[in-house]
Amino acid sequence: MSAEIDVDQLAQVMANGARVIDVREPDEYAEARVPGVQLIPLATIPDAVDELATDDDTIYVICRSGARSLRAADYLNANGVEAVSVAGGTMAWIQRGLDYETGEGA
């Protein structure tokens, strides 16, 4: 099973420029998201492996609550991409009182 971090740890690694992908669906992403995350819906992760594999750094994966991101991180790790899931997901981020974005923009 892939490694996990909490939203406080995510905020720290993002401050250092970590790459974060959001594996939810576009409508969920538009509702609320962590600032600076890249949308790659879970169903499209297999198509994105080659692009993600070019990143030498760890990729952090977030979803709504942590289940989909863990599945995506497991898949990425099994395919040569170092990935870590964010436990609690976007809901934990918002509940923690951290800034988030809404709307279609990315």
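This is a predicted model: local features need pLDDT of at least 70, side-chain atom pairs count only at pLDDT 80 or more; totals for chains, interfaces and linings use all residues.
Where does threonine 58 sit in the chain? Its place is the loop between H3 and E4. Leaving out residues up to four places away in sequence, threonine 58 touches Arg19, Glu82, Ala83 and Val84. With one of these there is a polar link too: the side chains of threonine 58 and glutamate 82 make a polar contact at 2.7 Å.

Now for the sheet itself. It is open, has five strands in the order E1-E5-E4-E2-E3, and its pairing is parallel. E1 (4–5) and E3 (38–39) stand at the edges with a single partner strand each, so one side of each has no neighbour in the sheet. In general, strands of a sheet pair through backbone hydrogen bonds, either parallel or antiparallel. Here is how the pairs line up, going across the sheet.

| Strand pair | Bridges | Sense |
|---|---|---|
| E1 and E5 | two bridges | parallel |
| E4 and E5 | three bridges | parallel |
| E2 and E4 | four bridges | parallel |
| E2 and E3 | two bridges | parallel |

Isoleucine 5 stands opposite valine 86 in E5. Valine 61 has serine 85 of E5 as its bridge partner, and valine 61 is in turn the partner in E4 of isoleucine 21. On the E3 side, isoleucine 21 is bridged to glutamine 38, while aspartate 22 has leucine 39 as its bridge partner in E3.

Which way do the side chains of E5 point? Ala83 and Ser85 go one way from E5 (residues 83–86), Val84 and Val86 go the other way, and all are buried. As a rule, side chains in a regular strand alternate between the two faces of the sheet.

Next, the helices. H3 (residues 45–53) lies across E2, E3 and E4 (59–62), and runs at about 170 degrees to E2. H1 spans residues 7–15, and at its start a side-chain oxygen of aspartate 6 reaches to within 3.1 Å of the backbone nitrogen of aspartate 8. Just after H1, glycine 17 takes a positive phi of about 90 degrees.

Over to the segment after H5 (89–95), where glycine 103 is found. Is glycine 103 buried or partly exposed? Glycine 103 is partly exposed, with a relative accessible area of 29%; that value falls between the 20% and 50% cut-offs. Glycine 103 and alanine 32 are 71 residues apart in sequence, yet their C-alpha atoms are 7.4 Å apart in space. Not counting residues up to four places away in sequence, glycine 103 touches Tyr29, Ala30 and Arg33.

Two of those contacts turn up together again: arginine 33 lies over the face of tyrosine 29, at 4.5 Å from the ring centre. How many aromatic pairs does the structure hold? The count is zero.

Methods:
Residues are numbered from 1 along each chain as its sequence is written. Side-chain values use heavy atoms; hydrogens and water are left out. Two strands pair if DSSP finds at least two bridges between them. Contact means heavy atoms within 4.5 Å. Axes are lines fitted to C-alpha atoms, for helices over the stretch in contact, and angles run from 0 to 180 degrees between N-to-C directions. A polar contact is a pair of N or O atoms within 3.5 Å; within protein, one must be able to donate a hydrogen and the other to accept it, and residues adjacent in sequence count only if both atoms are side-chain atoms. Rings of Phe, Tyr and Trp (its six-membered ring) pair if their centres lie within 6.5 Å; planes under 30 degrees apart count as stacked, over 60 as edge-to-face and the rest as tilted. A charge sits over a ring if NZ of Lys or CZ of Arg is within 6 Å of the ring centre and within 35 degrees of the ring normal. Buried means under 20% relative accessible area, exposed over 50%, partly exposed in between (1.4 Å probe, protein chains only).
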